[in-house]
Amino acid sequence: MKNLLSHINSPIDLRKLPKAALPQVAKELREFIIDIVSVKEGHLGASLGVVDLTIALHYVFDTPNDLLVWDVGHQAYGHKILTERKDVFHTNRRKNGISGFPKRTESEYDTFGVGHSSTAISAALGMAIASKLQQDFTKQHIAVVGDASIASGMAFEAMNHAGVTDTNVLIILNDNAIGIDPSVGALKLYLTNVKKGTQKQDNIFEALNFNYSGPIDGHDIFAVVAELERLKTVQGPKFLHVITTKGKGLRKAEEDQVKYHAPGKFDKHTGELKPKDTAHLPPKFQDVFGYTIVELAQENEKIVGITPAMPTGSSLKFMMEAIPDRAFDVGIAEQHAVTLAAGMATQGLIPFCNVYSTFLQRAYDQVIHDVALQNLPVIFCLDRAGLVGEDGATHHGVFDLAYLRCIPNLIIFAPFDEIALRNILYTAQLGLEHPIAIRYPRGRGSVVDWKQPFEPIAIGKGRCLKAGTKIAVLSVGHIGNMAKTLIDEMDLSNEIGLYDMQFVKPLDETLLHTIFNQYESIVTLENGVIKGGFGSAIAEFSTKNNYINTLHLRGIPDVFVEHGTVAELHDECGISEDALKKLIVSLLH
């Protein structure tokens, strides 16, 4: 039998096939995804799970004229392959290659840029209202949403609005009972009962005024096509409930859906992961957090842990396993996570709210209004801070220092290494007068023997790592290790001082006065945006105190940085070892 996928370059080619050929296309599309992701890495399980649905959507609807919005975008690989990007799919998530998520500037088929969850219904409804106002009553508007995403507040807000419109919008619930980790909450239980046929209460989606259909088998491609063709003729807001299996088509991915969400390299035939020798490597920062909070919580019964749908990614799963009644996965609900922590803090608990840096953006008002304004000692642990690599612009945690620094009452700390992270976690649970944000990067640190006895950290105090005479490098966070290695190896290093400032807020002004009086040139180094960040804080200090030292701020420039390896992106942004060396050499000479 000839290969069909090789002749499909766009949905137009797909629609020329008879329906009977679609299962073969699905088989080939899964093989194509597995073949490339096994070598190039990326998000696997989600895309495998929606292959049949993806084919059906592009077969039935007139994309890109009909508007298809994917929520989050982890599941959009099949969509990209079918929409004119098959020949470049091997560049997925590589620098200068295609993005791992739908992106408007990449293709007319990517109707809305996504990377954070629960935006698709709002976007599709906005498009549908626009079509209605423009007297276009034939265009279809489809949002594909996962069961973990639909439990988010934003998704409910959008459904609440859509249900009272007469717009031509279709919400497809891709129900596989898992996001990155297993879905949680009362809505998950409701959907489980719907699948079992044991749900006795009224249909929640019909109650919101949607024309509900399902649940149907999302891997029966003929059933999906038939139902989509029927729904094309139905006016008003519609809701289709589709049951799928994440990782469908690769046994290992079906059996371990958490690990195979983004598994790294694996054997495309067996699914076995390629072995990695990590025994000699420093730990991941997330694991230092995970093991340390368990250690602290076993001694301090007031400690609680909270994460919005990232127990594995944040390593709070260690506490959920060891002390399950004091560790909470609240689902994709960052706003709720922050205010839940605030409520706990009012009653004397010590909440560690663990959120990816890029996702805390979604709860900014809660950080200000519910935590900082009331000066509640919530401990924010911001994972994936800085440039995160191949996930790209939607996931880089580069804005936190800038968007948090302007908030009164908030302490901001960035650990130099794993020991500093461990010690600030210890210090925070001893009792602080203010909330604190602790931000640390994705990946491994620099210290193998990290589990040292706890030592408290003085709030607002920096450290001199090396004294010099001409140039002072002021770093904050783990990026300071790169500067230390470079300076230790340089000729004339006696002329270069290195300071780990630790706290972006409050700044160690006593140390800064010493630095500004001792050195001609000051270089600031951060893995965050320059505008409003750590370097800006140093510049403000300089201006306030009428210093005339030469300042050189190094961090993320005023652009949205795209995807690539962390090393490539550091080089692009001028915060690599080579870029720092060139700057220091130019200043010395």
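Modeller: Angles under 35 degrees count as roughly parallel, over 145 as roughly antiparallel, 65 to 115 as roughly perpendicular, and the rest as oblique. Please keep in mind that this is a predicted model. Helix H4, which covers residues 51-60, packs with helix H5, residues 77-85, at an angle of about 40°, and their axes lie 9 Å apart. H4 and H5 are therefore oblique to each other, and their crossing is right-handed. On the H4 side the meeting residues are Thr 54, Ile 55 and His 58, while H5 brings Gly 78, His 79, Leu 82 and Thr 83. Sorted by class, this contact of H4 with H5 holds two nonpolar residues, five polar ones and no charged ones.

The length of H2 can be checked by simple reasoning: at 1.5 Å a residue, its 19 residues, 22-40, should span 27 Å, and because its end C-alpha atoms are 27 Å apart, the two values agree. Just after H2, Glu 41 takes a positive phi of about 75°.

If we now return to H5 and follow the chain onward, we come to Lys 86, which sits in the loop between H5 and helix H6 (120-133). Buried means under 20% relative accessible area, and Lys 86, with a relative accessible area of 8%, is therefore buried. Leaving out residues up to four places away in sequence, Lys 86 touches Leu 5, Ser 6, His 7, Ile 8 and Asn 9, together with Phe 32, Lys 80 and Ile 81. Of these contacts, Phe 32 shows how the fold can bring together parts of the chain, for Lys 86 and Phe 32 are 54 residues apart in sequence and yet 9.2 Å apart in space, from C-alpha to C-alpha.

Key
Residues are numbered from 1 along each chain as its sequence is written. This is a predicted model: local features need pLDDT of at least 70, side-chain atom pairs count only at pLDDT 80 or more; totals for chains, interfaces and linings use all residues. Side-chain values use heavy atoms; hydrogens and water are left out. Axes are lines fitted to C-alpha atoms, for helices over the stretch in contact, and angles run from 0 to 180 degrees between N-to-C directions. Helices (H or I, at least four residues) and strands (E, at least two) are DSSP runs, numbered from the N terminus. A crossing is left-handed if the near helix is turned anticlockwise from the far one by less than a right angle, and right-handed if clockwise. Contact means heavy atoms within 4.5 Å. Ala, Val, Leu, Ile, Met, Phe, Trp, Tyr, Cys and Pro count as nonpolar, Asp, Glu, Lys and Arg as charged, and the others, Gly among them, as polar. The expected span of a helix is 1.5 Å times one less than its number of residues. Buried means under 20% relative accessible area, exposed over 50%, partly exposed in between (1.4 Å probe, protein chains only).
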